[in-house]
Amino acid sequence: MLRRTVLTGLAAALALAATAAQAQTWKAKYPELVVAAVPDENASGMTERFSKFTEYLSRELGVKVTLRIANDYAAVIEGQKAGNIHVAQYGPASYARAYATGAKVEPFAMQVNADGSTGYFSVFYVKKDSPYRSIQDLKGRNLGLVDPNSTSGNNVPRFALDKMKIDPDSYFGRVVYTGSHENAIIALQQGTVDVAANWWNDERESNLMRMQRKSMAKYDDFRIVFKSDQIVNSPVAYLSALPEDLKAAIRDAYFSVEKKDPDAFRKLTDGQQQIWKPTSHKDYVPVVELIQFVDSLRKRRAS
């Protein structure tokens, strides 16, 4: 019995030592990890939202974790394709674009809404005091989209408009890419556009509600004139080439932050999300098909 106990203890010690050695191996190769997110807010808002979370990741992983603020969605995609961004928070369409253009990435975590649902919507906002009640009322007016790689801010709107037999580039007076969801609302506020696409979970959470919490806009100053079918929530993806033990450590850090650092998670999500759920590429296959369809619309117009 004593011999068995000693052998069991020795085996456990060897396993622990092997795990520690593996961790030291990847830490030597990756002394710094870069995290990025598609810019649905302005740079200062992104920094404020992610700062505590990146500090938490650095503590949990035992290496420096740096937040990269991207100028546009494409910068995140290109950063992962080049291997310069190790972990990225995408929108569904920007992940699909990364995958379709050859980025070697794997989604591992999906956002979960406060009520436990895992989907959101694309909406078209107009000013509440405007005369517009439907898309049909907006012919010849200016449309504000977000970014070519935004799901709710470009790809889903274009898909939905095509179903209505509407070519936005000829139907609207002007189509403007504003660069972020916040900028789309600001363009609508200032009258640069008459209607703006944006993301919306429900009455309790949306980009517009976030802006209201930051005193950038008032939710009741706007009205929704169109809401899409539900879209699968956004993924977090890491580089496929990362060592498996590093991937496991990243997953563990993400899935345990709510318990280990609730303040960091609350700051990141405004307290409007549950912890991420595991995901994989198969959840985003329909979104890959969506962007391919939108690409075909563009090619059809060009020809």
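User: Salt bridge here means a side-chain nitrogen of Lys or Arg within 4 Å of a carboxyl oxygen of Asp or Glu. How many salt bridges does the count come to by this rule?

Analyst: The count is 22 salt bridges. Keep in mind that this is a predicted model, where local features need pLDDT of at least 70, side-chain atom pairs count only at pLDDT 80 or more, and totals for chains, interfaces and linings use all residues. Residues are numbered from 1 along each chain as its sequence is written, and side-chain values use heavy atoms, with hydrogens and water left out.

User: Fine. What does arginine 213 form a salt bridge with?

Analyst: Glutamate 205. The closest N and O atoms of arginine 213 and glutamate 205 are 2.9 Å apart.

User: Is glutamate 205 buried or exposed?

Analyst: Buried, because its relative accessibility is 4%. The cut-offs: buried is under 20% relative accessible area, exposed is over 50%, and partly exposed is in between, with a 1.4 Å probe and protein chains only. Arginine 213 has a relative accessible area of 36%, so it is partly exposed.

User: Which residues are linked in a network of salt bridges?

Analyst: Glu41, Arg49, Glu182, Glu205, Arg210, Arg213, Lys214 and Asp270.

User: Take glutamate 41. Which side chain does it meet in a salt bridge?

Analyst: Arginine 210, at 4.0 Å from N to O. Both residues of that pair are buried.

User: Where do glutamate 41 and arginine 210 sit in the chain?

Analyst: In distant parts, 169 residues apart. Glutamate 41 is in the loop between strand E1 (32-37) and H2, and arginine 210 is in helix H8 (residues 207-213). Helices (H or I, at least four residues) and strands (E, at least two) are DSSP runs, numbered from the N terminus.

User: And aspartate 115, which side chain does it meet?

Analyst: Arginine 204, in a salt bridge of 3.7 Å from N to O. This pair also links distant parts of the chain, 89 residues apart. Arginine 204 is in the loop between strands E8 (195-202) and E9 (205-206). Aspartate 115 is in the loop between strands E4 (105-113) and E5 (119-127).

User: Is arginine 204 buried or exposed?

Analyst: Exposed, because its relative accessible area is 51%. Aspartate 115 is at 45%, so it counts as partly exposed.

User: Back to Asp270. What is the phi of aspartate 270?

Analyst: Near 60°, a positive value in a residue other than glycine. Aspartate 270 lies in the loop between helix H10 (262-269) and strand E13 (273-278). Its relative accessibility is 27%, so it counts as partly exposed.

User: What about the phi of lysine 165?

Analyst: Near 65°, again positive in a residue other than glycine. Lysine 165 is in the loop between helix H5 (151-163) and helix H6 (168-171). It is exposed because its relative accessible area is 77%.

User: Helix packing next. At what angle do the axes of H9 and H10 cross?

Analyst: At roughly 110°, with the axes of H9 (residues 244-260) and H10 coming within 6 Å. Axes are lines fitted to C-alpha atoms, for helices over the stretch in contact, and angles run from 0 to 180 degrees between N-to-C directions. That makes H9 roughly perpendicular to H10. The classes: under 35 degrees is roughly parallel, over 145 roughly antiparallel, 65 to 115 roughly perpendicular, and the rest oblique.

User: Which residues make the contact?

Analyst: Val257, Glu258, Lys259 and Lys260 of H9, with Pro262, Ala264 and Phe265 of H10. Contact means heavy atoms within 4.5 Å.

User: Now the largest nonpolar core. Which residues touch the most other members?

Analyst: Phe53, Tyr90, Tyr125, Ile250, Tyr254 and Trp276, out of 70 residues. A nonpolar core is a set of buried Ala, Val, Leu, Ile, Met, Phe, Trp, Tyr and Cys residues joined through side-chain atoms within 4.5 Å. Helix H2 (residues 43-61) gives the most to this core, six residues. Another core lies apart from it, with 16 residues, including Leu143 and Phe226.

User: What is leucine 242 in contact with, leaving aside neighbours within four places in sequence?

Analyst: Tyr30, His86, Lys247 and Ile250. Leucine 242 is in the loop between strand E12 (235-239) and H9. It counts as buried because its relative accessibility is 3%.

User: Last one, the whole chain. How many helices and strands are there?

Analyst: Eleven helices and 13 strands. The chain has 303 residues, and 50% of them count as buried. Its C-alpha atoms fill a box of roughly 85 × 45 × 30 Å along the principal axes.
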